[in-house]
Amino acid sequence: MAPQSDLEDVVNSEIKEWHFHIYFHQNNAEEHAAALELRDAVLRLRRDGAFVAVPLFRVNTYPMGPHPVGSYEIWVPSTSFAPVFSYLCQNRGKLSILIHPLTKEEVRLDHQFRNAWMGAPFPLDLSVLPDMVPEVPLQYPSLRLGYSAPGPDFTLEERRRIGANVERILEGEREAARAPPRESN
């Protein structure tokens, strides 16, 4: 199956929200403390404006859902994905982190095939997850971010202009790959 390349289809299917699940062995006091210290640091950085990241209030001190060890979830809108990912890459220590998108297939496919790991992966119990949900469950709609945002950051026409400008600028860069020519309609 060829990857999608139609601009409108790609923009309309863009993932707008993500979960980062911080894992710790619940009987390991050092890991548990490190996980809580990381959570508090994320909360302080959110308060100070580094990024938008919302750790779930609950910290699971035992396996819950598909997660085989202690964990907590951090919800992140796509606009904060890169800064949160960067921060966690540099500050997770020995903790493992499951990253997955939120889509209509949020439950099984997002956890099983659309995931990524920082650190060692853990086996998930996917049998507890349904295949699909009717709609993407909105988290923190009061923030008006992610799927709750009032509109797109850029229109399709603005994206086309930006893309054309990037191509024009990169014409002078020998190491940059060129986009293939447009197909005639």
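I started with helix α3, residues 81-91, and found Val-84, Tyr-87 and Leu-88 buried. They share one side of α3, because they cover an arc of only 95° around the axis. I note the general rule: an α-helix has 3.6 residues a turn, so residues three or four places apart point the same way. This is a predicted model.

Next I turned to the face of α3 away from its buried side. Ala-82 and Gln-90 are the exposed residues there.

What covers the buried residues of α3? I listed β1 (17-24), α2 (29-48), β3 (70-77), β4 (96-101) and β5 (116-118) among the covering elements. I then checked how α3 is placed. The helix lies across β1, β3, β4 and β5, and runs at about 15° to β1. Just after α3, I found Gly-93 with a positive phi of about 60°.

I traced the sheet next. It is open, has five strands in the order β2-β3-β1-β4-β5, and its pairing is antiparallel. β2 and β5 are the edge strands, each pairing on one side only. I looked at β4 and β5 in detail: three bridges join them in the antiparallel sense. Leu-98 stands opposite Trp-117 in β5.

Last, I looked up Asn-60, which sits in the loop between β2 (54-55) and β3. Is Asn-60 buried or exposed? I have it as buried, because its relative accessible area is 8%, under the 20% cut-off. Its side chain makes a polar contact with the side chain of Arg-58, at 2.8 Å. Leaving aside residues up to four places away in sequence, Asn-60 touches Phe-24, Gly-70 and Ser-71.

Conventions:
Residues numbered from 1 in each chain as written. Predicted model: local features only at pLDDT ≥ 70, side-chain atom pairs only at ≥ 80, totals over all residues. Heavy atoms only, no water. Buried < 20%, exposed > 50% of the residue type's maximum accessible area, 1.4 Å probe, protein only. Helix = DSSP H or I, 4+ residues; strand = E, 2+ residues; numbered from the N terminus. Arc of directions from axis to C-beta. Contact = heavy atoms within 4.5 Å. Polar contact = N/O pair within 3.5 Å; in protein donor to acceptor, adjacent residues only side chain to side chain. Pairing = 2+ DSSP bridges. Axes fitted to C-alpha atoms, helices over the stretch in contact; angles between N-to-C directions.
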